[in-house]
Every structure is written in C-alpha cells, then in structure tokens.
Amino acid sequence: MASRIQGLQKLTLLDYPGKVAATVFFGGCNFRCPFCHNADVVLRPTRDFDERELDKLLLKRRGVLDGVCFTGGEPLMCDDARAWMERAKELGYLVKLDTNGSYPERLRRLLDAGLVDYLAMDVKNSPDAYAETVGIERFDLAPIRESVALILQGIVPYEFRTTVVRPLHTRERILRIGEWIAGAQAYYLQAFVDSGNLIGDGLHAVEDEEMRQMCASVRKYVPNTHVRGIDQD
C-alpha cells in the first residue's frame, strides 16, 4: 500500500503531554464525525507525502525531540503506521498514538510489541449516542468497548478524551462516559473549535462554565478529569 502520511508537524509542545515532539498525520478514517476538524485528511487524503522528509527529520532531531505522535485520521487503518512506529523506536524516540479505538486487535499487537509509550483514545460519546456521533447509522460498538477495556488495563500511560459539541453532547451523556471509563488514569473534555474545515454543520461549542460543570460531575468516576481549550479559573 502507498503511504497514507498526509503531513508532518516538525515541532509540538502540546500533542505529547510533557514532551517535545513531532506529529505525523495519517489520512483516512472509518468514522465520519460531523465535528471532525480535519475533513480533508479524513475525506480527501492525497497520499503524496515524501516519506524521505519524515525519515530525515527523525535522523536529524535525535537528542532534540523526545517523541513522535502518530495521529490522523485514524492511524491504525494504515498499513505503514506500525513500520513508522518501529522506525521511531529504533531511533530512540518515545511514541504516542492517537486512536478512535475501532481496531482493538491492532492496538493490542502494538502494545504487546512495546511500540507505544503513551496512548490517547477519543471516546466519542456515551454508548447510546455513538452511532449518531461517529456518523454511521448501524455502528457496532463492540470494538470500542474492547479497546476501552484494553486501555483501562494500564499497559502504558494513557488518556481518554471527548470533544464536547452541541447538539451531540449533554451533561447526561458526558456523565455516562465517565461511568463507562470509571477509574481511568486521565480524562479530558476538549472544547470544540470550528476550524472551518468540518465534515458536518449546525454545530457549536458548549459554554465554558457548563464545560467546567461537566468536568466536576465526571470526577466522581474519574478524579483526574480536566478541561482542555478554555481558560481555567
């Protein structure tokens, strides 16, 4: 298969918590979340990225960068994602993986091989609202449940996260997510920002104060719950 790498951010202080990293973007996704801010990466991957640029960066930045983040789209859809993780580890980098959790067996194999040092899974919504939120009418939640259970084992440090957007998310649904992932190491509610390149329309952010209230209510299930993307009082 041709490479599905769509882009490279050569330096980030945000994508890998506490680390200086680069971020690799893979194209394509099996979800169609209307609030996705990377519509071009998901719907129109070009596959014209020169892989030599990534290898050159990895070689040049040894000792400067701590890690490499692999994100998407959905990286676990891509045949070459594992090979690039192996390359990053070979060169001494920490690896962070962002995933939607829909490929639990592939995820398990990466964890068993020691290729992931930090894991972030997007929990799109409460189980009853998943199909609507990922834009798939007949959605099988079983792989998502399997990934959540796998990640909760704590094989590597991890976080769950949810981008909170109206009208898809309510306080009740956020609370049910907390109940689902109870005891997790970390959970982040992320403020929705309209990038201008969304898959859907008619979406808007939740007020900052309500985001804080949602966060506080979830802490009875996941004490280490925080909000990203708004000013903290």
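This is a predicted model: local features need pLDDT of at least 70, side-chain atom pairs count only at pLDDT 80 or more; totals for chains, interfaces and linings use all residues.

Visitor: How many helices and strands does the chain have?

Guide: Helices (H or I, at least four residues) and strands (E, at least two) are DSSP runs, numbered from the N terminus; here the chain has eight helices and nine strands. With a radius of gyration of 17 Å, close to the 17 Å from the globule rule for 233 residues, the chain is as compact as a globular protein of that length; the radius is taken over C-alpha atoms, and the rule is 2.2 Å times the number of residues to the power 0.38.

Visitor: What is the volume of the largest pocket, and which residues are the closest to its centre?

Guide: On a 1 Å grid over the protein atoms alone, a pocket is an open set of points where a 1.4 Å probe fits, with protein on both sides within 12 Å along at least five of seven lines, and lining residues have an atom within 4 Å of a point. Grid points are joined across faces, edges and corners, and the volume is the space filled by probe spheres set on the points. The largest pocket has a volume of about 1100 Å³, and of its 40 lining residues the closest to the centre are His37, Asp122, Arg161, Thr163 and Gln190. Strand 6 gives the largest share of this lining, four residues.

Visitor: Is Val116 buried or exposed, and what does Val116 touch?

Guide: Buried means under 20% relative accessible area, exposed over 50%, and partly exposed in between (1.4 Å probe, protein chains only). Val116, in the loop between helix 4 (104–112) and strand 5 (118–122), counts as buried at 3%. Contact means heavy atoms within 4.5 Å; leaving aside residues up to four places away in sequence, Val116 touches Val95, Leu97, Leu110, Leu111 and Val156.

Visitor: Where is Ile136 found?

Guide: Ile136 is in the loop between helix 5 (130–134) and helix 6 (142–151), and is partly exposed with a relative accessible area of 25%. Its C-alpha atom is separated by 8.5 Å from that of Cys33, 103 residues apart along the chain.

Key: Residues are numbered from 1 along each chain as its sequence is written. Side-chain values use heavy atoms; hydrogens and water are left out.
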